[in-house]
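Dear colleague,

I am passing the structure below on to you, together with some notes on how its parts are arranged. Please read the notes with the coordinates open beside them.

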Amino acid sequence: MPDWMLYGATGYTGALVAEEAVQRGHRPLLAGRSAEKLRPLAERLGLEWVAVALDDAEGLAQAVSRVRLVYHAAGPFVQTSAAMVRACLKAGAHYLDITGEIPVYQQVFGYDEAARERGIALIPGVGFDVIPSDCLLKYVADQLPDADQLIVALDALGTSERMTGRISAGTANSMLELLAQMGIAARRDGNLTTLPFGYGARRFTFTTGQKAAMPIPWGDLEIGWRTTGIPNITTFLTFPPSAIELFRVTGPLLRGLLQSSGLRGFLRGQISRMLSGPDEGHRQTGRSALYAQVRNPQEETRQAWLETAEGYQFTALAAPLVVERVLDGNLRGAITPALALGADFVLSIPGTRRLDSLPTD
Ligand SMILES: NC(=O)c1ccc[n+]([C@@H]2O[C@H](COP(=O)([O-])OP(=O)(O)OC[C@H]3O[C@@H](n4cnc5c(N)ncnc54)[C@H](OP(=O)(O)O)[C@@H]3O)[C@@H](O)[C@H]2O)c1
């Protein structure tokens with residue numbers, strides 16, 4: 001009998017997770033809303049499958065009751081997460097997801113007490129967003145307990161080549177929904193605040209070189225705050241300098257335009273046509289780099305760097321390891337990845353290294 005369900009198995013990322021899970025000897029129950037898409041994948045991998053829609057509450061809870069854990073990979077999660085969390089609570093199965101959407105984190109943490117009472121764990125963000133950054137920021141924050149400022153920077157999409165070959169349609173759609181809902185955000189004095197597009201751009205030195213980056217609403221604004229309690233957090237992503245300038249100039253207009261559901265529908269169509277996710281070659285050779293720094297009121301700092309496999313590859317490699325840890329553990333309630341798994345967990349994902357300083361030459 002399968003131990004866990006992979007919902008959204010037919011997506012770009014879901015299929016990678018399914019393949020990696022099988023490589024590691026897992027036999028997940030593949031699930032999603034489309035029987036037509038699930039059947040060929042399940043037959044190729046020799047796995048059981050079940051087609052059930054998220055709005056079929058009874059059918060979903062019944063399917064979930066066959067397993068001890070759900071790995072939810074169907075997004076945008078703002079449209080899919082709540083139904084799955086409720087099914088997990090009803091069936092008594094742990095819930096993991098790979099969302100990077102801040103409103104979804106907030107929603108999942110709203111079920112903390114219900115999850116404790118039911119004896120299950122809810123751990124959102126167990127993909128590239130946010131395992132590496134959450135583990136890294138916990139590593140540096142643990143070294144400076146009175147830190148009140150946190151910066152996290154990511155070099156994850158590449159800045160010199162075409163970025164369209166770097167992300168999947170699902171990721172782009174989720175980013176679109178997030179930008180429309182939140183705009184660019186940062187955490188100040190414990191609260192999320194909106195920043196102008198392109199505001200606060202600066203350069204960071206990563207293991208991959210020196211790059212320009214601008215604030216974006218990465219999941220650490222919510223998760224990092226819950227992991228460390230640090231009330232001031234800014235999260236940066238590298239972009240080509242020309243893109244940062246374009247964001248800065250068009251920002252006020254862009255924010256207004258994204259409020260239009262008609263325009264978002266049009267953009268979703270373009271995204272589905274144009275983005276198919278990184279190919280195998282890029283997944284195998286691409287690298288992602290992260291930097292985290294904490295600062296306390298006395299201006300003391302601690303910092304560290306991380307380098308990992310390409311983001312989708314990292315997500316797939318991490319998936320069965322996270323599932324094993326949760327199934328073998330005794331976790332209860334809504335928990336951040338770093339609090340659930342520990343700051344060093346990231347080092348167990350193949351291709352990851354952490355540095356306390358950068359080589360000088
Ligand atoms: N945390 C991370 O680092 C990380 C990494 C990768 C991806 N992600 C996130 O994971 C999500 C999926 O990404 P992807 O690359 O796999 O995108 P994708 O290829 O577009 O796949 C989306 C998947 O979600 C399913 N889905 C969407 N809406 C649904 C709904 N209302 N009910 C049931 N199923 C639904 C789709 O089912 P159909 O095939 O039936 O349409 C498909 O299986 C995105 O939100 C992305 O941002 C996060």
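Predicted model: local features only at pLDDT ≥ 70, side-chain atom pairs only at ≥ 80, totals over all residues.

The protein chain is divided into domain 1, which covers 4–128 + 313–342, and domain 2, which covers 131–311. The C-alpha centres of domain 1 and domain 2 lie 24 Å apart, and the contact takes 27 residues from domain 1 and 28 residues from domain 2. On the side of domain 1 that touches domain 2, the elements that give two or more residues are α1, α5, α13 and α14 (337–341), and the residues of that side divide by class into 16 nonpolar, 10 polar and 1 charged.

As for the ligand, 32 residues surround it, and the closest of these are Gly 11, Gly 75, Gly 127, Ser 168 and Gly 170. Two or more residues of the shell are given by each of α1 (12–23), α8 (169–182) and α13 (311–328), with the largest share, 4 residues, coming from α8. The shell draws at least three residues from each of domain 1 and domain 2, and by class its residues divide into 10 nonpolar, 19 polar and 3 charged.

Turning to the helix pairs, the axes of α1 and α13 come within 8 Å and cross at roughly 45 degrees, and these two helices are therefore oblique to each other. Their crossing is right-handed. In this pair, Thr 13, Leu 16, Val 17, Glu 20 and Ala 21 of α1 meet Tyr 312, Thr 315, Ala 316, Leu 317, Ala 319 and Pro 320 of α13, a contact that has 8 nonpolar, 2 polar and 1 charged residues.

The other pair consists of α4 (residues 81–91) and α5 (residues 102–109), which pack at an angle of about 20 degrees with their axes 10 Å apart. Because angles under 35 degrees count as roughly parallel, α4 is described as roughly parallel to α5. The crossing of α4 and α5 is also right-handed. Here Ser 81, Ala 82 and Val 85 in α4 meet Val 104, Gln 107 and Val 108 in α5, and by class this contact has 4 nonpolar, 2 polar and no charged residues.

With best regards

Technical notes:
Residues numbered from 1 in each chain as written. Axes fitted to C-alpha atoms, helices over the stretch in contact; angles between N-to-C directions. Parallel < 35°, antiparallel > 145°, perpendicular 65-115°, else oblique. Left-handed = near helix turned anticlockwise from the far one by under 90°. Contact = placed C-beta atoms within 7 Å. Nonpolar A, V, L, I, M, F, W, Y, C, P; charged D, E, K, R; others polar. Near = placed C-beta within 6 Å. Domains from an automatic or database assignment.
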